[in-house]
Amino acid sequence: MMAFFRIPTFLLLTLLPGLAWANAWPTLNITELLKSTPLISHAITIQHDPVYQAEKQYSAYALKEILDVLGQNYPGEKQKAVLIFTASDGYQSTLPYPDAVKEKGYVAYQDIDAEQSQWLPFARGKKQKTPAPFYLVWQNPGLSEWQYPWPYQLTHISMQPTTSYYSAIAPTQASAQHQNGFELITRYCLRCHKIKDTGGNVGPAFDQPVHVTARYDTDMLNTIILDAPSVFSSTKMPAFNSILSTEDVQDILLYMKLLEEY
């Protein structure tokens, strides 16, 4: 009979220094991965880059190849997993694993148009930034930017079950409105905001120091969600009035009030 044994975690980390472990699910530090694992570099063209608002050419690694490394240490069913992309500024976007491997995604590490440097800068508000160290891009120009994220300054990719990642914030009441509010929050809001320690760190947490529904009344929350720049002049939050309907906002607020209760 073949003996079965589990490689100790400390030994596994020694063999794969690009992987770190948090809450038992694998997290990959892209910079560390590249020090130990040779990946094939591709010269790719992006017809319309949403960050630069132009056609761009990059040197990049195929996302699928990186996910193959990450997936080797994933103990669950990958078809039911979610990928979490974390940037150096705390921005955090998610994508279901099946969606990620269905499209041609690349992790760019160099702007081919930048002859004298690694990257060309772009403007974000009054600041100039670059996508360094890594930038997730997609070759299919027809993809929704909200479904398929384009995080720049990318540093880590992790994988865990969808039910685990969202366990603290999944609605306990399964009404259609609660479910829609939950799905909208996870798609549009958690990239920058945390709820119950789930999500990004760019914007303020929804439940700290007090819950957002206690900080603002319903009318103000409606205005903030649909057109935050009209309320906060220096905010990085975009206006959602061309994306979300009045009913969508109502569902979001209904879900947020439910979260306040538990």
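Biologist: Why does Gln153 count as buried?

Modeller: Gln153 has 14% relative accessibility, and buried means under 20% relative accessible area, exposed over 50% and partly exposed in between, with a 1.4 Å probe and protein chains only. Gln153 therefore counts as buried. Keep in mind that this is a predicted model, where local features need pLDDT of at least 70, side-chain atom pairs count only at pLDDT 80 or more, and totals for chains, interfaces and linings use all residues. Residues are numbered from 1 along each chain as its sequence is written, and side-chain values use heavy atoms, leaving out hydrogens and water.

Biologist: What makes the phi of Gln153 worth a look?

Modeller: Phi is near 55° there, a positive value in a residue other than glycine.

Biologist: How do you know that Asp197 is exposed?

Modeller: Its relative accessible area is 69%, so by the over 50% rule Asp197 is exposed. Asp197 also has a positive phi, about 65°, although it is not a glycine.

Biologist: Why are α6 and α9 called roughly perpendicular?

Modeller: Helix α6 (residues 176-189) and helix α9 (residues 246-260) pack at an angle of about 95°. Angles of 65 to 115 degrees count as roughly perpendicular, under 35 as roughly parallel, over 145 as roughly antiparallel and the rest as oblique, so α6 and α9 are roughly perpendicular to each other.

Biologist: Which residues of α6 make the contact?

Modeller: Among them are Phe182, Leu184 and Ile185, and they meet α9 residues including Ile252 and Tyr255. Contact means heavy atoms within 4.5 Å.

Note on methods. Axes are lines fitted to C-alpha atoms, for helices over the stretch in contact, and angles run from 0 to 180 degrees between N-to-C directions. Helices (H or I, at least four residues) and strands (E, at least two) are DSSP runs, numbered from the N terminus.
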